[in-house]
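The sequence and structure are shown first.

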Amino acid sequence: MSRVTSAFVAALITLILGGFLLGLSLTSEGINLVVGPSTPGKITFLFVGVAIVFVLQYFREHVGRFTTHMRSDQRMELPSFLRSSQQQRIWTMFVIIGLLLFPFLSSRGAVDIATLTLIYVMLGLGLNVVVGLAGLLDLGYVGFYAVGAYTYALLNMYFGVSFWVALPIAGGLAALFGFLLGFPVLRLRGDYLAIVTLGFGEIIRILLNNWTDLTGGPNGIARIPKPTLFGLEFSRRPSEEGATTFHEFFGISYSSEYKVIFLYLMALLLVLLTVYVIRRLIRMPIGRAWEALREDEIACRALGLNPTMIKLGAFTIGASFAGFAGSFFAARQGFISPESFTFIESAIILAIVVLGGMGSQLGVILAAIAMTVLPELAREFDEYRMLLFGLMMVLMMIWRPQGLLPMKRPHMELKRD
Amino acid sequence: MKSIVKKTLIGMSVSAALMGTSLAQADIKIALAGPVSGPVAQYGDMQFIGAEMAIEQINKKGGVNGEKLVGIKYDDACDPKQAVAVANKIVNDDIKFVVGHLCSSSTQPATDIYEDEGIVMVTAASTNPDITLQGYQLIFRTIGLDSLQGPVAGRFVADSIKPKRMAVIHDKQQYGEGIATAVKKTVEESGVDVVMFEGITAGDKDFSALVAKLKRNNVDFVYYGGYHPELGLILRQSAELGLDAQFMGPEGVGNKDISAIAGEASEGLLVTLPPSFELDPKNKGLVDAFEKKNQDPSGPFVMPAYAAVQVMADSMKATGSTDAEEVAEYMHKASFTTPIGDVKYDEKGDLTSFNFVVYNWHADGTKSPAK
Amino acid sequence: MSESIYYFLQQIANGLTIGSTYALIAIGYTMVYGIIGMINFAHGEVYMIGTYVAFIALAGLSMLGIDNPFLLIGIALAVSIVVASAYGFSIERVAYRPLRSSKRLIALISAIGMSIFLQNYIRLAQGSRDIAMPSMIKGGFLFGSPEGSHIMISYMQVIIMVTTVLCMVGLTLFITRSRMGRACRACAQDIGMTNLLGINSNNVIAVTFIIGASLAAVAGMLLGLYYGVVNPYIGFIAGLKAFTAAVLGGIGSIPGAMLGGLILGVSESLTGGYLTAEYKDVVAFSLLILILLFMPQGILGKPEVEKI
């Protein structure tokens, strides 16, 4: 086919794709269904799209050269001042100090968004262990997140358990769920595993929704208390007689901001801990085994590694981080219901991992920040958020499956001067 | 890398602070919280046009205590997670009065924050009874509760229909299950035999198994707690599979689309709805004002949102103050004349009375009062 | 016959109707998986798009004054198949072909991305509300006494089951008898070898996607007429169920997809009929997990040998 014909065919297909769905719109008139031209904006969009496809297809070779360029293994290098490990350490210290000071310098709304971002960072890091390092596609990650959130909410509601006692239990219980699910299904091949975990996540959500006597069903659980500092509450008045609140203990006047700042600092602490633990894990034999398994399962078996146990390790550890994040989410919200734990949430966490570069911690952290902060900055963007997530997942897989900031193995480098 | 984060976040907070100060300090700010984006944005619009109309008309009459009201929209997309973020932003922007949120699941987590921070909140759309059960002082609504609508429907069934074998079906959502439970309780107190009480999955399309089960149980009356898409399909499949029973539903099914889905089968469906405030002759002038702006005053949340603003403004005038606690205290005591009728609050912040009327639905999407 | 047997048979008939449509959609998954070994996660969205196009065509044609139902449905079906095929073809061309040599995980993530993209594209283009269409074919067959116990099967249910069987027979003939069908089977065995023998495997794969999309469009049209409702979210759950059906019957096997669909449909209908409808999805997913655990190759599938 000549270039013109093939460009023409491509444009025609685009017109078929968009013509019906973008160019026409269905509306109900009374009880009848009528169809009419859609908004001028959509129609313009359609023809611009067709024109773009025509041009791209016509200049296909040039475009091809450009995309190969994109696809090549060029990495976004860290700036030079961050390369040596000593400088890295100094910079990390600076950043941590900055993050610690941040809530005192900014407003309550920003601190709250930052807390939410940190929860997503934790989720992203946890899923990264499963998907990025061990190469197991888990589409039901939100199930473990829900387990964590409901563990804290339910323990508190029925037994008055405080946040700090519930936090390890939530992590442990989510890990237990991960273990119990992982044990039978991890023998499955990759893509079956994805669907089974998806089904599992949905089952957890449906059970939470249907088991009204225990979980409150669709009504959810309200009035989940915020964490305390060694038993000091952050409320205006102590919830029970004889208890002391934070501001009374330190003799300062009450401000509701302390509560928000405290939650942020705790989330920050937990994220730093998560980063540290996972960093250590990656360097340990189990971390190496995860990656080896991701690259070649058969070779691993030949070397005497037990794939099921290694996968199970990744699955369980990943799930426990979701459990921690879940109980933080419950504390931040003060109210949870099953609708916060749908498949879309799993997809967003997966998008964070994919965008960040599977396996790369730094990338995942940046991606989590981008995913939560960008929609806050531009609300109009929110309409298109899921559309762009989907598009980005496809394009990333085609052009940069390794992510924006791919993982780098720790390695030694000779100084060159 | 984390410094980038910090910069972004600091940037954000600076811009938020600037937004806060760009308004003249003398104005009384009212936050309008609800979905601007997302799948239920159309309901959010109803709330926004109602509240904005009230603000506009009050300002035209000289404002409150010599100051102008300013409405600021906050988008929660009906997502509980974003509702908390919105509530925190409202605290941040030092706003003391909120109209919203829309979805009960968004309102619920936000109320905690408002009550704590001394902000008066009036929701014009959230009907879940749990919201006002927490002993809050600053939380109000201008709409009836699910638990009020249920008994109205239940009493109507027990008094006028007297079914022999009744089924109560719900969609396992906060709204539907709440109403269905209330209906079941009321009719059982009057001695009606409820032979089936069952949930379905919202968003499901196939109800043939359910319809066969209803037929087998010889059900002659079905109450459905939920929204119109599912009930429409149940009606349609009942007609196809030859189930001969009378159906009834709450205001959530009272949407023209139900007739499009169910066709002839929607004829004679019973629906409990709030009275159509836009048809009340007393509201004639207001309806004209909406129509002049090319807005539809018939949405179920338009007039309640108008009333929400009005109740707060009237209380501010009466107390001569914009202090949240004083205003709330006055709201608990006083009574107000609004487009939704006379408003009076009980100690929980619920309306002491809110009427629901039973309508007969017709296949062409219209309705008429049932006797 | 006693009343409970009538009830049981009624539930079976309802289950077979739903199962038939699962089977039609499942074909798309099973054929693609059989040939290139990937889960086309976006297939459910093609079904959803098929329903939208069918509705647009039906509404448009009846506005033009065509009121013969057979003509109306025939033209709408043709339009819907053409557009859905274009989607199937383009999805493969854009999102999967560049990744054919990559790892399975990469292709699967791309497919999930495509699914999210299409769902939101339709949401933005057509709105997220339910679009409803009045029923066009009314009435049904009644077995037993109209007053006492009986089974009622609507014409629409019969049409769905008959169409499914016809599509299955046609597809089986195509695969076993035609030249293209033979090429498909060859590709399923070994793509590299097929290429060496002078068959353009890219064309074969494109045809596979087009066939899968066409059947999804048929399912979309039928279910659109049966339920009368469409929204952008119906594809996700329908796709998931159909995939479950494909796995249940043994992925890669066409009779398996049919069998899996019917088993799934009947088990859902029985759950709704004898237990409670709210656990329908739990039963479907649990069935999937159990089958995968104990019969990873499905009921009619061949055990897969891992090649090194």
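## Basis of the values

The model is predicted: local features need pLDDT of at least 70 and side-chain atom pairs count only at pLDDT 80 or more, while totals for chains, interfaces and linings use all residues. Residues are numbered from 1 along each chain as its sequence is written, chains are lettered from A and ligands numbered from 1 in the order in which they are written, and side-chain values use heavy atoms, with hydrogens and water left out.

## Interface of chain A and chain B

Chain A brings 47 residues into contact with 46 residues of chain B, contact meaning heavy atoms within 4.5 Å. About 4200 Å² is buried between the two chains, 56% of it on carbon and sulfur atoms; buried area is the accessible area (1.4 Å probe) that two parts lose on being put together, summed over both.

Four salt bridges are found across this interface, a salt bridge being a side-chain nitrogen of Lys or Arg within 4 Å of a carboxyl oxygen of Asp or Glu. Lys259(A) forms a salt bridge with Asp116(B), with the closest N and O atoms 2.4 Å apart. The elements that give two or more residues to the side of chain A that touches chain B include helix H5 (108-133) and helix H11 (257-283) of chain A. H5(A) gives the most, with eight residues. Helices (H or I, at least four residues) and strands (E, at least two) are DSSP runs, numbered from the N terminus.

## Interface of chain C and chain A

Here the contact takes 65 residues from chain C and 57 residues from chain A. These chains bury about 5600 Å² between them, with 76% of it on carbon and sulfur atoms. Ile56(C), Ile109(C) and Leu124(C) supply 10% of the area that chain C buries against chain A, more than any other three residues.

Zero salt bridges are found across this interface, and six residue pairs are in polar contact (both at pLDDT 80 or more). Among the elements that give two or more residues to the side of chain C that touches chain A are helix H3 (69-96) and helix H4 (104-126) of chain C. H4(C) gives the most, with 18 residues.

## The five-stranded sheet of chain B

Chain B holds an open sheet of five strands in the order E2-E1-E3-E4-E5, with parallel pairing; two strands pair if DSSP finds at least two bridges between them. Strand E2 (69-75) and strand E5 (139-141) of chain B are at the edges, each with a single partner strand, so one side of each lacks a neighbour in the sheet. Strands E3 (residues 97-99) and E4 (residues 120-123) of chain B pair in the parallel sense over three bridges, and Val98(B) stands opposite Met121(B) in E4(B).

Helix H11 (residues 302-319) of chain B lies across E1, E2, E3 and E4 of chain B, running at about 160° to E3(B). Axes are lines fitted to C-alpha atoms, for helices over the stretch in contact, and angles run from 0 to 180 degrees between N-to-C directions. Helix H12 (residues 324-333) of chain B lies across E3, E4 and E5 of chain B, at about 45° to E4(B).

## A salt bridge within chain B

The structure holds 26 salt bridges over all chains. In one of them, the side chains of Asp350(B) and Arg141(B) meet at 2.9 Å, N to O. Asp350(B) lies in the loop between strand E12 (341-344) and strand E13 (357-361) of chain B and Arg141(B) in strand E5 of chain B, so the pair ties together parts that are 209 residues apart in sequence.

Technical notes: A polar contact is a pair of N or O atoms within 3.5 Å; within protein, one must be able to donate a hydrogen and the other to accept it, and residues adjacent in sequence count only if both atoms are side-chain atoms.
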